[in-house]
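This report describes how side chains meet in one protein chain. Please look at the sequence and the structure below before reading on.

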Amino acid sequence: QNNSPSPQQHSTPQRERALTYYALPSHLALFTMSSIQEIKALVTSSEHEVHIAKEALKATERGIEEAYERNRIAKATHDGLVVKLANLKAQFREQITEDGLKESNRWNEMYYKLLQWKENHDGDVLVGVDKDSDEDTKKLSRWVINQRSAYKYFMNGDTKHIKDHRIDALNKMGFVWCVADHVFQANVEELKQYHAENEKFDIPVKENKKLAAFVSRVRTAYANKQEGRAQHDLTDEKIEQLDAIGFKWGFKKSRKKTSSTSTAFDYDTQIALLQEFKNEYGHTKVNKLIKEWQKGEGEPSKKEYRRLPVFLTFARKEYISYVEGQPSLIDAEKVKALTDLGVEWKQPPNVPRKNTGGEASRKKKPRIEAPSHEQEFVAAELDVEAALPPLAANLHVPALPSPNIVAPKFDDGQSTMI
């Protein structure tokens, strides 16, 4: 039984609240039905939108597949054109090389002499000389060295010392640009053969002096590399080649600095000694006096001066490491102090030399035509500098761009070979 008071029993405000109270359920019902209808309409609309989105997604996927297919066809066409262009370039370069070798000049003459030397010496292109070599062989050897020097300039952007087609001709012959790498490869092959026959890498000096020295050098260089010191001759690629044949680097992968090393770079003591040497002799060219002392031409005032070449050699090696950003025992302050004393530094291997004695360096510079007597007379009378012809040296002729040539790394053959 509903004990709620009837609307007639209340005043007007109470009666309005009561009417609202009794009408609430019907309003809720109407609101609920309306909401359900709106929700159903929203669901229907959402389902329609989802259907449209799915169709759009399928169309997008089909478009992506078609784009991938077009890209695949385009890539295949591009690759084919690249191969065709490379073949045409190769044929063009070969034709240029053949035409260049037909010319009559000194370079071609020496080239064919080297080709003949290779045929007569079992494929050798190094052309080594000794005291018994004739003059023609010595000239050919110097020419070979000059080509390496010119190529070093070429790889550093100076392309005037050797032409592109000549590099191609030498590569086709099998020319050795890096003697150190060539010797290293030969030693690795010999070491590989020795290990296959003897199952060891520790080679007695009496058995094979050359190969034993090679093993000793690479182990020493590897130990130095483990200490963080730069070793230009033992690269990571060479280490990988030796690892590939199972080479044993030794039980100690790093070693402590020996007393001779610490003595050699006792900086404070040695630089003070070098300062005394300069005060006494006026320069720091210690090696020059050492050779004279060894010949018996005089004696050093201090026996400690004989150790200065070791210090300078060590300092120059550390300087190369310092310049290349490698760990070094030398810093900017020490470099400045030694430079102020007159010590000359060696440049890193990747820096070309000022003059390598190459063929291009022997070419005479174009002469500047001297003014005639009439021109001198006119210039003297008029006192006008413009009366003279412009000097050829003031003309600037831009260099033509040269295509990149992929060739072996260069080495002048004068560094320590591993």
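## Side-chain contacts in a predicted model

Helix α12 (residues 332–340) contains both Asp340 and Lys336, which are four residues apart, about one turn of the helix. Helices (H or I, at least four residues) and strands (E, at least two) are DSSP runs, numbered from the N terminus. The model is predicted, so local features need pLDDT of at least 70 and side-chain atom pairs count only at pLDDT 80 or more, whereas totals for chains, interfaces and linings use all residues. Residues are numbered from 1 along each chain as its sequence is written, and side-chain values use heavy atoms, with hydrogens and water left out.

**Salt bridges**

Asp340 and Lys336 form a salt bridge, that is, a side-chain nitrogen of Lys or Arg lies within 4 Å of a carboxyl oxygen of Asp or Glu. The structure holds nine salt bridges, including those in the table.

| Salt bridge | Closest N and O atoms |
|---|---|
| Arg72 and Glu69 | 2.6 Å |
| Asp340 and Lys336 | 3.1 Å |

Arg72 and Glu69 are three residues apart in helix α1 (residues 12–101), which separates them by about one helical turn.

Arg72, at 48%, is partly exposed, and Glu69, at 37%, is partly exposed. Asp202 has a relative accessible area of 49% and is partly exposed; Arg219, at 22%, is also partly exposed.

**Nonpolar cores**

In soluble globular proteins, nonpolar side chains tend to be buried together. A nonpolar core is a set of buried Ala, Val, Leu, Ile, Met, Phe, Trp, Tyr and Cys residues joined through side-chain atoms within 4.5 Å. The largest such core has 22 residues, and Tyr111, Leu114, Leu140, Trp143, Ile162, Leu170 and Trp177 have the most contacts inside it. At least two residues of this core come from each of α2 (106–120), α3 (135–155) and α4 (164–173). Helix α3 supplies the largest share, six residues. Another core, of 21 residues, lies apart from it and includes Ile271, Phe277, Leu289 and Leu341.

**Aromatic rings**

Rings of Phe, Tyr and Trp (its six-membered ring) pair if their centres lie within 6.5 Å; planes under 30 degrees apart count as stacked, over 60 as edge-to-face and the rest as tilted. The structure holds twelve aromatic pairs. In one of them, the rings of Phe184 and Phe214 have centres 5.8 Å apart and planes at 65°, so this pair is edge-to-face. Phe184 lies in helix α5 and Phe214 in helix α6, so the pair ties together parts 30 residues apart in sequence. Phe184 is buried, at 0% relative accessibility, and Phe214 is buried, at 0%.

The rings of Tyr319 and Trp345 have centres 4.5 Å apart and planes at 20°, so this pair is stacked. Tyr319 belongs to helix α11 (residues 308–323) and Trp345 to the loop between α12 and α13 (373–382), so parts 26 residues apart in sequence are tied together. Tyr319 is buried, at 13%, and Trp345 is buried, at 17%.

Trp107, Tyr111, Tyr112 and Trp143 form one aromatic cluster.

Conventions. Buried < 20%, exposed > 50% of the residue type's maximum accessible area, 1.4 Å probe, protein only.
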